[in-house]
Amino acid sequence: MTAGPLVRNSRLLGLFSETVRGPEGSLRAVEAAGRGIAAEARCTLTVLADKRTTRSGRLDELLDGAHAAADRLVELGVIEDDLIELWSRRRGRELDDVSFEDGLRRIVMRLEAWPRDWSGGAT
């Protein structure tokens, strides 16, 4: 898909990586973080593939598609914000292991589902 290596600064990847590397990471949290890393990569590849797609059609259809794609990217940002909040609560010792793992699992499930609905602005 790309001519060279794909390097991207990602808060999602950073937080999932911290979960895997942290000494307090349980097996369930590490497993969820690994799934999150794979899901984030799939999201990134979906967006990159869409950027390379040429579209044609009526202007109003193209604009509607662009707005829909922007809305989907906002949804991805909300997932990222939720992970940041969960991680902050974990680091602040506001969550026990089970609550953190459950929250992490729910966020990863949302991330895994995200690209399935990606229309990429197509109408």
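From the N terminus on, the elements of the protein chain run α-α-α-α, which amounts to four helices and zero strands, where helices (H or I, at least four residues) and strands (E, at least two) are DSSP runs numbered from the N terminus. What we are looking at is a predicted model, in which local features need pLDDT of at least 70 and side-chain atom pairs count only at pLDDT 80 or more, while totals for chains, interfaces and linings use all residues. Residues are numbered from 1 along each chain as its sequence is written, and side-chain values use heavy atoms, with hydrogens and water left out.

A word on confidence, then. The mean pLDDT of the protein chain, pLDDT being the predictor's confidence in each residue from 0 to 100, is 83, and 86% of the residues reach 70 or more.

Let me turn to the interior. Of the 123 residues of the protein chain, 34% count as buried, meaning under 20% relative accessible area with a 1.4 Å probe, protein chains only.

Which residues does Phe16 touch, not counting residues up to four places away in sequence? Taking contact as heavy atoms within 4.5 Å, Phe16 touches Ala33, Gly36, Ile37, Leu83, Leu104, Val108 and Leu111. Thr19, found in helix H1, is buried with a relative accessible area of 4%, and, with the sequence neighbours up to four places away again not counted, its contacts include Ala33, Trp87, Phe100 and Leu104.

Finally, consider H3, which has 33 residues and reaches 48 Å from its first C-alpha to its last, close to the 48 Å expected at 1.5 Å a residue, the expected span being 1.5 Å times one less than the number of residues. Its buried residues include Gly65, Arg72, Glu80, Leu83 and Trp87, and what covers the buried residues of H3 includes H1, H2 and H4. Just after H3, Arg93 takes a positive phi of about 60°.

Conventions
Buried means under 20% relative accessible area, exposed over 50%, partly exposed in between (1.4 Å probe, protein chains only).
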